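Here's a quick briefing to read with the model open beside you. Have a look at the fold first, then work through the points by topic.

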Amino acid sequence: MGLAVTTTNTSPPTLIAASSATRSLGRPLYHHHHSSISVSPPPILSSRICKLNVKISLPVCRVSGSQVKVEDGIDDESCELVNGVELSIGEGADNIDAYLFKAVKNNNGTGILLLSDVLGFQDSSIKDFAYRIACNGYNVLVPDLFRGNPWVKHQPKVMFQQWLATQDPQRVAQDIDMAAKWLVDEFIAAGVTEKLGIVGFCYGGGRVIDILAKDQGAHFGTGVSFYGTRINPSAAANVKVPVLLISGDNDPLCPVNLFKDIEKSIGKGSRLLVYEGRGHAFAHRPESPEDDEDAEQAFTVLRSWLQERLAVNN
């Protein structure tokens, strides 16, 4: 296990320093075992047992829906903490599908835009993570970045670039803007909150920097990029809010030196966490006990980061 984080304390020498000092984080409340999520002390949560069974087409910026469905034999108290709906944002051919996860108990009114990796918004690992964030009091919107055509697991890797070429970056950016506007209208314009947050993984993690650079601090108060790919380093200088960058030092898609430069370029209290021995996607798709342990810590850091920069201020 290894982690680098900017703080005033110190930690064992197994950690990789990406900033001026390091510390070891305590055990988080969540433990992700690939297919399930447990919470202590509240009842056991498992986002995989919570099924979204309602689709709602909404041309306007309002949403209503049903409580998430729980499979037989599962204590439904575990799913009462989050309400999940599937909705459509926009009108006509320009509409996009999305999931909205809303905290039922202790909702702090803050909206979070979560951008998926290339496997798309319907992938179980993405929905798991969105559910976990929502359990901490948030309203998490997960848009379909790929218009129903995500990358499919186990396809030959030689086909990836061909698939990526079908995803027009300008169209993706416009869809993200549409989703962001939905959150603005739903939460900021309605006076529910002052700032939004944005979280992204892999492909979506790279778009976090793009969106924040464009937003200029108008609506988003912070961002979290998990091993973001295809990042435009020059965009980082235009980001006006602190960003949490999380990656592993064994990730060929995310050079640590690049993230160090991005951290410095953004400044404003941004932080880079580098986990020793971890590869790509370890935090939301852990594949080993070591991945699992560091995924726990990464989620704990994420939760504290959002709490300090959004929930408290909003």
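**The chain at a glance**

Of the contacts in the protein chain with a separation of 6 or more, 66% are between residues 24 or more positions apart; contact means heavy atoms within 4.5 Å. This is a predicted model, where local features need pLDDT of at least 70 and side-chain atom pairs count only at pLDDT 80 or more, while totals for chains, interfaces and linings use all residues. Residues are numbered from 1 along each chain as its sequence is written, and side-chain values use heavy atoms, with hydrogens and water left out.

**Overall numbers**

- The protein chain has seven helices and 13 strands, taken as DSSP runs numbered from the N terminus (helices are H or I with at least four residues, strands are E with at least two).
- The protein chain has 314 residues, and 55% of them are buried. Buried means under 20% relative accessible area, exposed means over 50%, and partly exposed is in between (1.4 Å probe, protein chains only).
- Its accessible surface comes to about 13300 Å², and carbon and sulfur atoms hold 51% of that. The areas come from the Shrake-Rupley method with a 1.4 Å probe, and for residues only the protein chains shown count as cover.

**The largest pocket**

- The largest pocket has a volume of about 840 Å³.
- It is lined by 23 residues, and the closest to its centre are Val118, Trp151, Leu253, His280 and Ala281.
- Sorted by class, the lining has 10 nonpolar, six polar and seven charged residues. Here Ala, Val, Leu, Ile, Met, Phe, Trp, Tyr, Cys and Pro count as nonpolar, Asp, Glu, Lys and Arg as charged, and the others, Gly among them, as polar.
- A pocket is an open set of points on a 1 Å grid over the protein atoms alone, with protein on both sides within 12 Å along at least five of seven lines; lining residues have an atom within 4 Å of a point. Points are joined across faces, edges and corners, and the volume is the space filled by probe spheres set on them.

- Arginine 171 sits in helix α3, which covers residues 169-188. With a relative accessible area of 16%, arginine 171 counts as buried.
- A polar atom of the arginine 171 side chain lies 2.7 Å from the backbone oxygen of leucine 145.
- Setting aside neighbours within four places in sequence, arginine 171 is in contact with Leu145, Phe146 and Arg147.
- Arginine 147 is in the loop between β9 (139-143) and α2 (160-164). It is partly exposed, at 34% relative accessibility, and its phi is near 50°, a positive value in a residue other than glycine.

**Around helix α4**

- Cysteine 202 lies in the loop between β10 (196-201) and α4. Its phi is positive, about 55°, although it is not a glycine, and cysteine 202 is buried with a relative accessible area of 7%.
- Glycine 206 is in helix α4 itself (residues 203-215), and is buried at a relative accessible area of 0%.
- Leaving out neighbours within four places in sequence, glycine 206 is in contact with Ser225, Gly228, Thr229 and Ile231.
- From glycine 206 to aspartate 117 is 89 residues in sequence but 9.5 Å in space, C-alpha to C-alpha.

**Two buried leucines in strands**

- Leucine 114 has its place in strand β8 (residues 111-115) and counts as buried, at 0% relative accessibility.
- Beyond neighbours within four places in sequence, the contacts of leucine 114 include Ile126, Ala130, Val140, Val199 and Phe201.
- Leucine 114 and valine 208 are 94 residues apart in sequence, yet 9.1 Å apart in space, C-alpha to C-alpha.
- Leucine 245 belongs to strand β12 (residues 243-248) and is buried, with a relative accessible area of 1%.
- Which residues does leucine 245 contact, leaving aside neighbours within four places in sequence? Among them are Ile209, Ser225, Phe259, Arg271 and Leu273.
- Leucine 245 and arginine 271 are 26 residues apart in sequence and 6.1 Å apart in space, C-alpha to C-alpha.

Terms used:
A polar contact is a pair of N or O atoms within 3.5 Å; within protein, one must be able to donate a hydrogen and the other to accept it, and residues adjacent in sequence count only if both atoms are side-chain atoms. On a 1 Å grid over the protein atoms alone, a cavity is a set of points where a 1.4 Å probe fits but cannot get out, and a pocket is an open set with protein on both sides within 12 Å along at least five of seven lines; lining residues have an atom within 4 Å of a point.
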